[in-house]
2 protein chains.
Amino acid sequence: MCYAYWQFLKNRHAVNDEGHMSQKQTISSLQADLKRYRQVQEMALLLNSQSSFDELFRAIVSQVSLIIEVDRTSLFLLDEDKHQLWTKVAEGLSKQITIAVGVGLAGKCALQGQPILVHDAANHPDFDSGWDDKLGYKTKTVLCYPVFNRTGELKGVLQMINKRDDLFNIQDQELAEVCAAQVGGALENFQLIEELRCGFESFIRTLTEALDAKHKLTAGHSNRVTEYSLFLAAKANLGEDLIDVLKYSALLHDLGKIAVPDQILTKDGRFTPRELEVMKSHPFWTGKILSRMHLPRNLIKVPEIAASHHERIDGRGYPQGLANGAIPYLAKIIAVADVFDALSSRRDYPKYDGNKPEDSGREALKMDRVFEIMQHGSGTQLDAELVALTLKHRNELEQLWFDLHVLDDE
Amino acid sequence: MCYAYWQFLKNRHAVNDEGHMSQKQTISSLQADLKRYRQVQEMALLLNSQSSFDELFRAIVSQVSLIIEVDRTSLFLLDEDKHQLWTKVAEGLSKQITIAVGVGLAGKCALQGQPILVHDAANHPDFDSGWDDKLGYKTKTVLCYPVFNRTGELKGVLQMINKRDDLFNIQDQELAEVCAAQVGGALENFQLIEELRCGFESFIRTLTEALDAKHKLTAGHSNRVTEYSLFLAAKANLGEDLIDVLKYSALLHDLGKIAVPDQILTKDGRFTPRELEVMKSHPFWTGKILSRMHLPRNLIKVPEIAASHHERIDGRGYPQGLANGAIPYLAKIIAVADVFDALSSRRDYPKYDGNKPEDSGREALKMDRVFEIMQHGSGTQLDAELVALTLKHRNELEQLWFDLHVLDDE
C-alpha cells in the first residue's frame, strides 16, 4: 500500500533536478534536511549529558518530537523477562503503561524488529483505539521505530504520533532511524553506567552488612548510620553532589574493624588498655584500607571522611585528634549518626569510651536519655548545630529509628 | 588576517542564491554538507561502540581525518597534574608524544581554549617545525580545536593537519566543532565507565587483600589464586568474555571466610569435627553473600563459580557435593589454582582436608611434591586436563610462583 508513496518520495530529488523551479525546491529541501541533521547532532550531545534515567527519558521524547515534528512521542523499553514493553515517560500520558510484545502497533514493531508506518490509524488492524477513547485524543498517523543496542538486540520502540501538517515521509523515516540509533547508544551507555554504579553500591552494602552481621548485635549498624547521616544531611540542606560521598563514607566508616581481632571486637567485659588501643585503631585502618583503593573521582574524599568519624570537636578524639576546623563536615555528620545509633541500639559489648555506670547495660537507652547524652556532648564531642538539628527533628528521627529497628526485625 | 576569508565563506550561500549556475553550486555544496553531517552521525555511533580506550582513540583520529578530509589527525589529551598534552595515537607517529600546555599550536589552543586556524604553518610564530624535520613531513595547513567535557572543562585538543586539495573553510570549522563535541562526550562516557570499572576492581582487590592480611600467612592468597587462575585460563584458551568472570570469582572465592570466627580461622592445631564443619561452610557463605549483590550483568555467574571452588570431580567436595558435569568450568580452574597455592605456600594452620603426616608442616612443600600431590588428585579431586596443563607449563608456573612469592616479599 505504501510502496508507491515511498517510491514517489525517493524520486523527489531526482525529478527536481530537471528544472529551475525544482532547484529552488531542492535547495529548500536540502536546507531542511541539513537543519534536521544538526538538530539530531544536538540531540546526541544532549542525550549524552543527562544525569539520570528519568532525565534521559524526558530528553529523548521531547527531542524526537521536535526533530520529527510530531505531536507526541513515546519511548517504550523492552522488559525481556515479562515479554512486555513499558514506558516511564510518554507525552500526553501521566503514568507508566505496559503493552505485551506483539500487541498494538508498538508491540508489533517490537515483535518484528521492523519499522511500522501508518497513515490512517483508525483503519489499521493493529491499532488499539482504547487509549484514544480514554484520553480523548485522535491518533491519525503513526511511525514506530525499533531501538537496538550495539550488538543488535532489541531494547525498545520509539513511537511517534501525528506528524504535523503532513504524512510521514522518507526523510522522517531516515531521521527516525538515526534517532533510534542515538537513543540505543545513549540508553546502552546509561544502562552500563547504572549497572556499574549499582554493582559498586550493592557490593559495598552487602559487604558491610556481612561484616556487621558477624557480630549479632552490630548487625545493621553501618546501614543505620548511613540512613541517619542521610537524614541529617537532608535537614542540613547538604548539596546534591556531596550525598554520594556521605553515603559511601557512612557505609564504610567501620571497614577498618576487619583489622581488629574478633576476640577484642566481641569481648564480653571491659577492655584492657592494650585492647582499647587496638579497638581505637579501627578508624585509622578504615582510612588506610580505603586510601589504597582507586575510588571514582567523585569519591576521592571518602577515605579521609570515613577515617574521621571518631574525631571530636574539642580535639580529644582519635585517631588524629583533629580539632573542630580540621574535621571534615561530613565526618561530623557521621559522628552524630554513629553516636545516635550506638546509644539507641542494643549492644553486645560495653562501650569502650567510658559511659556512666547507669548507661553500661546492653539494652538500648530510652530516647530521652539518648538525646540527653547527645546534648551533653554538643560542642565538645559533637558538632553543636548538628546536635541541635537532631533535637529539632526528634520526632522524625525517632520514626526513622522505629522503621530501621522494629520494622526490619519483623 | 583570516577575517575577510571567513566573511567570504560565510556569504557563499547568500551570493550563490542569486543566479542559476550558483544554484547548482548551492545544491552540490548543501549535498556535500549533508553527506558530511551523516558521516559525523556515523562517527558518533561508532565512538559509542568502542570497547577499549585504545580503540576509541584510533576510531576518533581515523574518523575525523575522513570527515574533515585531512591528511593527519591527532587527539591530544590534557594531563591536568602535569599541565601537559599527551597523545596515544597520532596518525603518522608511532609513539606517544607530550607537549606542554601553551607550547606549539595544540598547546596554544589548549591554553586559550579557542580554535586555531593556520593557512601557512611554516610562517606561523607558534608552529614548531621540529616534528616535520624529524618525520620528513611538510605541514601546510592546521586546524586545532579544543575538546571540552559536558561541564565545560578542557579535556584535550583535536589537531587536523593538511586539508586535502584546499584550505580549511567555515564548514570545516563547524564540523570540527561538532566532532570535538562528540569526542568530548564519548571520552567523558568512556572515562566514567573506566573509572567505575577500576573503582569496582580496586575496591575488591584491596578488600580481599585486607581480609587475607588479617592472618599473616594467608596474606596474598586471593591475589595469587587469581594470578594462577588467569595463567591457566590463558593456557586453556579461555574466551575473552569469561576472563572478567574468572578474575572476580577467583578474587572473591574466600569472601565467605568473613562468616568464620577468627578463633577457628587461626586455630593452631587440628580442627574438632564441629570446627571443621564451620570451616567448610566458607564457600557456602561466599555464594550466599555474593548472590545478595546486584552484580553487573556480565558477572552474574560469579556467586555460583566462587561458591564451587571446593567441589570435587568425584562429587565428594563441598558445599554441594556436585559431580564433574555439574561443576562450572571456571570453578574447576579456581580449584586447581587454590590447591596449587595452598601446597606451595607457607601456612599458619594445618590443612583441614587431611593431608598425610609428612605434609603437615608449616613450610611450603617442595615443587616436586606439589605436582605429585596434584597429579594424585587428578580426575578425582581436580580436573584432569587442567592438572595436565599445569604439568605441561610447569616451568612458567614456577616462574610465576617465584614472582608472586619471592619478588613480592623483597
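Me: Happy to look at this with you! How many helices and strands are there in chain A?
Reply: Keep in mind that this is a predicted model. Of the 410 residues in chain A, 52% are buried. Among the contacts in chain A with a separation of 6 or more, 61% are between residues 24 or more positions apart. As for the elements, chain A has 17 helices and six strands.

Me: Thanks! What area is buried between chain A and chain B?
Reply: The contact draws on 57 residues from chain A and 57 residues from chain B. On the chain A side, A:Q41, A:L196 and A:F203 lose the most area to chain B, together 12% of what that side buries. Carbon and sulfur atoms give 63% of the buried area, which is about 5,500 Å².

Me: Which helix gives the largest share of the side of chain A that touches chain B?
Reply: Good one to check on the model. The interface has eleven residue pairs in polar contact. Helices of chain A that each supply at least two residues to that side are α3 (20–48), α7 (170–213), α10 (262–265) and α12 (282–291). The largest share, 22 residues, comes from α7(A).

Me: And by class, how many nonpolar, polar and charged residues does the side of chain A that touches chain B have?
Reply: Across the interface there are six salt bridges, and eleven residue pairs are in polar contact. By class, the side of chain A that touches chain B has 28 nonpolar, 15 polar and 14 charged residues.

Me: Which residue of chain B meets A:D262 in a salt bridge?
Reply: Side chains of opposite charge can pair when their charged atoms come close. Six salt bridges are found across the interface of chain A and chain B. For A:D262, the N to O distance is 3.7 Å, within the 4 Å cut-off. The partner is B:K214.

Me: How are the two copies related?
Reply: Superposing chain A on chain B takes a rotation of 180° with 0.1 Å of shift along its axis, and the RMSD is 0.2 Å. The two copies are thus related as by a two-fold rotation axis.

Me: What percentage of the interface residues of chain A are also interface residues in chain B?
Reply: The two chains bring 57 residues from chain A and 57 residues from chain B to the contact. The copies meet through the same surface, because the share of chain A interface residues that are also interface residues in chain B is 98%.

Me: Let's zoom in on one residue. Which residues of chain B does A:T206 touch?
Reply: A:T206 lies in helix α7 of chain A, and it counts as buried because its relative accessibility is 8%, under the 20% cut-off. Its side chain reaches the backbone oxygen of A:S202 at 2.7 Å. Over in chain B, A:T206 touches B:I289, B:R292 and B:M293.

Me: What separates B:E201 and B:R205 along their helix?
Reply: The side chains of B:E201 and B:R205 meet in a salt bridge, at 2.9 Å from N to O. B:E201 is partly exposed, with a relative accessible area of 21%, and B:R205 also counts as partly exposed at 21%. Because they are four residues apart in helix α7 (residues 170–213) of chain B, the separation is about one helical turn.

Me: Last one: which residue does a cis peptide bond join to A:Y318?
Reply: The bond in question has an omega of about 5°. For A:Y318, the residue is A:P319.

How values were computed:
Residues are numbered from 1 along each chain as its sequence is written. Chains are lettered from A and ligands numbered from 1 in the order in which they are written. This is a predicted model: local features need pLDDT of at least 70, side-chain atom pairs count only at pLDDT 80 or more; totals for chains, interfaces and linings use all residues. Side-chain values use heavy atoms; hydrogens and water are left out. Contact means heavy atoms within 4.5 Å. Buried area is the accessible area (1.4 Å probe) that two parts lose on being put together, summed over both. A polar contact is a pair of N or O atoms within 3.5 Å; within protein, one must be able to donate a hydrogen and the other to accept it, and residues adjacent in sequence count only if both atoms are side-chain atoms. Ala, Val, Leu, Ile, Met, Phe, Trp, Tyr, Cys and Pro count as nonpolar, Asp, Glu, Lys and Arg as charged, and the others, Gly among them, as polar. Copies are superposed by least squares on the C-alpha atoms of residues with pLDDT of at least 70 in both. Buried means under 20% relative accessible area, exposed over 50%, partly exposed in between (1.4 Å probe, protein chains only). Lists of a residue's contacts leave out its neighbours within four places in sequence.
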